[in-house]
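Hi everyone, thanks for coming. Please take a look at the picture on the screen, and then we'll walk through it together.

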Protein chains: 2
Amino acid sequence: MASPGSGFWSFASEDGSGDPENPGTARAWCQVAQRFTGGIGNKLCALLYGDAEKPAESGGIQPPRAASRKATCACNQKPCSCPKAGINYAFLHATDLLPACDGERPTLAFLQDVMDILLQYVVKSFDRSTKVIDFHYPNELLQEYNWGLADQPQNLEEILMHCQTTLKYAIKTGHPRYFNQLSTGLDMVGLAADWLTSTANTNMFTYEIAPVFVLLEYVTLKKMREIIGWPGGSGDGIFSPGGAISNMYAMLIARFKMFPEVKEKGMAAVPRLIAFTSEHSHFSLKKGAAALGIGTDSVILIKCDERGKMIPSDLERRILEAKQKGFVPFLVSATAGTTVYGAFDPLLAVADICKKYKVWMHVDAAWGGGLLMSRKHKWKLSGVERANSVTWNPHKMMGVPLQCSALLVREEGLMQSCNQMQASYLFQQDKHYDLSYDTGDKALQCGRHVDVFKLWLMWRAKGTTGFEAHIDKCLELAEYLYNTIKNREGYEMVFDGKPQHTNVCFWYVPPSLRVLDNNEERMSRLSKVAPVIKARMMEYGTTMVSYQPLGDKVNFFRVVISNPAATHQDIDFLIEEIERLGQDL
Amino acid sequence: MASPGSGFWSFASEDGSGDPENPGTARAWCQVAQRFTGGIGNKLCALLYGDAEKPAESGGIQPPRAASRKATCACNQKPCSCPKAGINYAFLHATDLLPACDGERPTLAFLQDVMDILLQYVVKSFDRSTKVIDFHYPNELLQEYNWGLADQPQNLEEILMHCQTTLKYAIKTGHPRYFNQLSTGLDMVGLAADWLTSTANTNMFTYEIAPVFVLLEYVTLKKMREIIGWPGGSGDGIFSPGGAISNMYAMLIARFKMFPEVKEKGMAAVPRLIAFTSEHSHFSLKKGAAALGIGTDSVILIKCDERGKMIPSDLERRILEAKQKGFVPFLVSATAGTTVYGAFDPLLAVADICKKYKVWMHVDAAWGGGLLMSRKHKWKLSGVERANSVTWNPHKMMGVPLQCSALLVREEGLMQSCNQMQASYLFQQDKHYDLSYDTGDKALQCGRHVDVFKLWLMWRAKGTTGFEAHIDKCLELAEYLYNTIKNREGYEMVFDGKPQHTNVCFWYVPPSLRVLDNNEERMSRLSKVAPVIKARMMEYGTTMVSYQPLGDKVNFFRVVISNPAATHQDIDFLIEEIERLGQDL
């Protein structure tokens, strides 16, 4: 396998002869180059020799490459013959790369070639003529390629091939027609920032080893709290590994606030605690309750209206019921942007109830939090400023690369008291700098990945107004989809009215079912439509969209739009594709 | 700000005139180039014009760049004048990048320039003449640069500048003289893999959206279980966000195994559970117990011998004691490689006790797990094959970029039963592929970052033997350090004997203290030595090493070696630097 982009400078041979005015060889060209000023000659020679030794390869997008070969050759010979300029990955191994002696040149060449593979993938991701996914069944994929791990090393040619193969089978999450998850899209500045994060390869636990990232976390969380509406952006927070963990943090802190002794004594020392969340809320609330020793039975699911919003009167009723049983309501988790319907719970009404019964109010705005960036849509989260804690995932509606999830806490210091263990080997108290920047002890994690930089850099690049424009556009697209299908033959909306978020939920009813009465048989057949269309979508690789049942509603499609690459035409394509793939069912 | 590497082709002007045989301008050079075959002429013209329009900049390492400018210009004019080849980032914003119409060229140029900044940093990371850290106090750093977030976007020139500034203040965790944490070094293949992971930008919850990564997790975890010694590599596991979370998983699963009703009923339904771990173990055990509602009081710390190893007889005594009180011992967490001493608990003896009392045996091999890759050193983990679960962080001793932590579980299916909530919108039961590959529901997280690819690709590139060589070398270096200082004037070892891992713990005793009697005053003064030396190290930026007190031992240095870039000379340098910075104390 030759690396991508080889053959860019296509010389037939490098036999060392040739007319300088008609160079057909690297050496002839090099002789011409040596006559010019400014050091260009040597550099060009290195370039020529480096490339001439690579076999030509055709096909595919050919992004720039081989730059590394030019620059790293420091040869001053005239005429230059630069034997070191030839890179043959088949003879190189990881041990030839930095920190190996003389490792700089192969390292730069190798990393540049990896980068070229990535740039190809980036360009393809946005190309509507490419597939969203080249789908293979697990057993096929396991057999199609040797993925096994062995005792002996492989050469760098093989390593580059693995990179290409991995991306060949990857799903293009940035593709304009990928509507499958709440996190879609591929932001170029966010991507650059994530590459930088990988390169910096550090850990968030102390200022000592992540000075800039710790400060940026401070700056960014404060800004997010200002946007939530907490006075002066005061409070606390952390970037955690995903919304589920952020929600678990909220539960943990709420419990600690009410019963700090739980930290030492455990749940045995406290009364039975009850958490409340809507029946449409994310499953992580139950997962968290199971993990924290609270138990899933102690998570009461509050009824929702037909639009998926929590019904405040039911919340109050269930709180009273729990209190009557002698249990202690300790947390209400309202959802701002439910996973399936994109519904916003009525936060003001929930806040009133939480205040009345002195219960911690958490808002799971993992999905809906992005709307706070939009002057047009932020009213949907009115009341979030009254929350005690908020989960907000910039990796969803704000298009930040995975992962980037924030938990914001209104009361400062609580996270620290709740989680700190004061390990003396990490959080030495006699360091020479301000220890308030050693934020690691407020986390459940010890080592913590740097998740802030991509958000921070995107924010600098887009400005708040840029996020706003992105969000407004996605909501407009969702409205367009809704308007297009609401009266279209063969579609039934799962709930009435314009979606509040970008979730558009509907059934596609194939012609053969349209004539049936609305009875059990029809429901049973309808429930099989979405899975088949989805399977076909994946096999064709043309688009991807999610489906699920919910409550008594059989499998329906849920389109979500968070991808900045999507256009009206992509929405049209999606509709046509659903019809094309489903009309015979 | 000009991007790095500009001025690589240094033309004085591009006035369009000039002798082709003595070109001083882009156009003149271009005219020469047009005479040659193979399409080289146009490509070279694009290169020349693109670069000629950039202001020259000097200083610093100049890695390859501008490749994007060449390739993306498709101009066929002769003579070529390629106006589009000029990229001026001051006029470009994030909105000009993909998916923008015509965004491909600026995107490739921008990402390439980011990459050049990263490549500069990579090269500098291994350069002993550069600082490990350019240290600034938090308030200084906050004031030195405008880190704030605003409504309006910044142009791409500013974004590139932020990347450079961020790296300027970053700590070079790959620097050969960075000994500060258990995770050091910067592996080039691992880095490339992490860049690829960022570019693929997906999530581990289902096969559907991460087919290759899910398979690679399966392959890699199985291999790790084989190495642990479980028959046929059977069992279960997950990559989690760090060792603390992996340990928390172990505790969670152990509890569930013994009392599955805890999932629904919470801790109220079960007797008081007791976990046991050594007094030298990682604080995450207590953190986990606090979070899981077990309580830190229920984590019993077992005495260690003078080398930091758990004393089995004390373990057995404390288990009996707990049982006598009517409590239920549910977990013993033995440590393979303690954080400070690098000690290995006697796993075989612990296994016997766990078997005798039917207690879940967890091995926290976050730090020591890497030694399983070494035929010479793996005996230190004898007995690990008898564990029920093992934490093993490849991001520590195996040099995988952060983060990469695995929890391995001996019994298959337990994680799934313990954590699953069967969210129908994610884990649809009527998908068209084998659902056993939808592994997301066994995690505590919902979205989960792809942490496996960098380990997998490094494994392919190094082979098991490559990891072995790395680990053997680091242990040899630690032994060299130990041998060098054990009898050297001014050093006292914290514990006797050759270190079992790469942790070398010692006091440096400045000349003024050497004459003092071993009394309280001396201890008090000695306790201040390491913090001052460390502060000076950071201010000079020459090297970094950790210190801490432990038990009744005042602040001592703990050198750990996991960095493949470190050499004997770097160890010598470290010793000399400690003496240089500490001799006046």
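Let me start with a question: is Arg488(A) buried, partly exposed or exposed? Arg488(A) is partly exposed, because its relative accessible area is 32% and the bands are under 20% for buried, over 50% for exposed, and partly exposed in between, using a 1.4 Å probe and protein chains only.

Before going on, some housekeeping. This is a predicted model, where local features need pLDDT of at least 70 and side-chain atom pairs count only at pLDDT 80 or more, while totals for chains, interfaces and linings use all residues. Residues are numbered from 1 along each chain as its sequence is written, chains are lettered from A and ligands numbered from 1 in the order in which they are written, and side-chain values use heavy atoms, with hydrogens and water left out.

How confident is the predictor? The score for each residue is pLDDT, which runs from 0 to 100. Chain A has a mean pLDDT of 88, and 85% of its residues reach 70 or more. Please be careful with residues 1-84 of chain A, though, where pLDDT stays under 50. For the complex, the predictor gives an ipTM of 0.88 and a pTM of 0.88.

Now, back to Arg488(A). Its side chain meets that of Glu579(A) in a salt bridge, at 2.7 Å from N to O; the rule asks for a side-chain nitrogen of Lys or Arg within 4 Å of a carboxyl oxygen of Asp or Glu. This pair links distant parts of the chain, 91 residues apart: Glu579(A) is in helix 19 (residues 568-582) of chain A, and Arg488(A) is in the loop between helix 15 and strand 9 (491-493) of chain A. Helices and strands here are DSSP runs numbered from the N terminus, with helices being H or I and at least four residues, and strands being E and at least two. Glu579(A), by the way, counts as buried, because its relative accessibility is 19%.

Let's meet a few other salt bridges; over all chains, the search finds 52. One of them joins the side chains of Asp236(A) and Lys442(A), at 2.6 Å from N to O. Asp236(A) sits in strand 2 (residues 236-240) of chain A and Lys442(A) in the loop between helix 14 (414-419) and helix 15 (452-486) of chain A, so this pair ties together parts 206 residues apart in sequence. Both Asp236(A) and Lys442(A) are buried.

Arg318(A) and Glu321(A) also pair up, at 3.3 Å from N to O. Both lie in helix 12 (residues 312-324) of chain A, three residues apart, which is about one turn of the helix. Glu321(A) is partly exposed, with a relative accessible area of 27%.

On to how the two chains meet. Chain B can be laid on chain A with an RMSD of 0.0 Å by a turn of 180° and a shift of 0.0 Å along the axis, superposing by least squares on the C-alpha atoms of residues with pLDDT of at least 70 in both. That is the relation of a two-fold axis. In chain B, the C-alpha nearest this axis belongs to Leu292(B), 2.0 Å from it.

Asp297(A) and Lys265(B), for example, meet in a salt bridge at 2.9 Å from N to O.

Finally, the inside. A nonpolar core is a set of buried Ala, Val, Leu, Ile, Met, Phe, Trp, Tyr and Cys residues joined through side-chain atoms within 4.5 Å. The largest one has 330 residues, and Phe110(A) and Phe110(B) have the most contacts inside it. Phe110(B) touches residues of both chains, including Met188(A), Val189(A), Tyr89(B) and Leu97(B). A second, separate core of 66 residues includes Met251(B) and Leu407(B).

Methods
Contact means heavy atoms within 4.5 Å. pLDDT is the predictor's confidence in each residue, from 0 to 100. Lists of a residue's contacts leave out its neighbours within four places in sequence.
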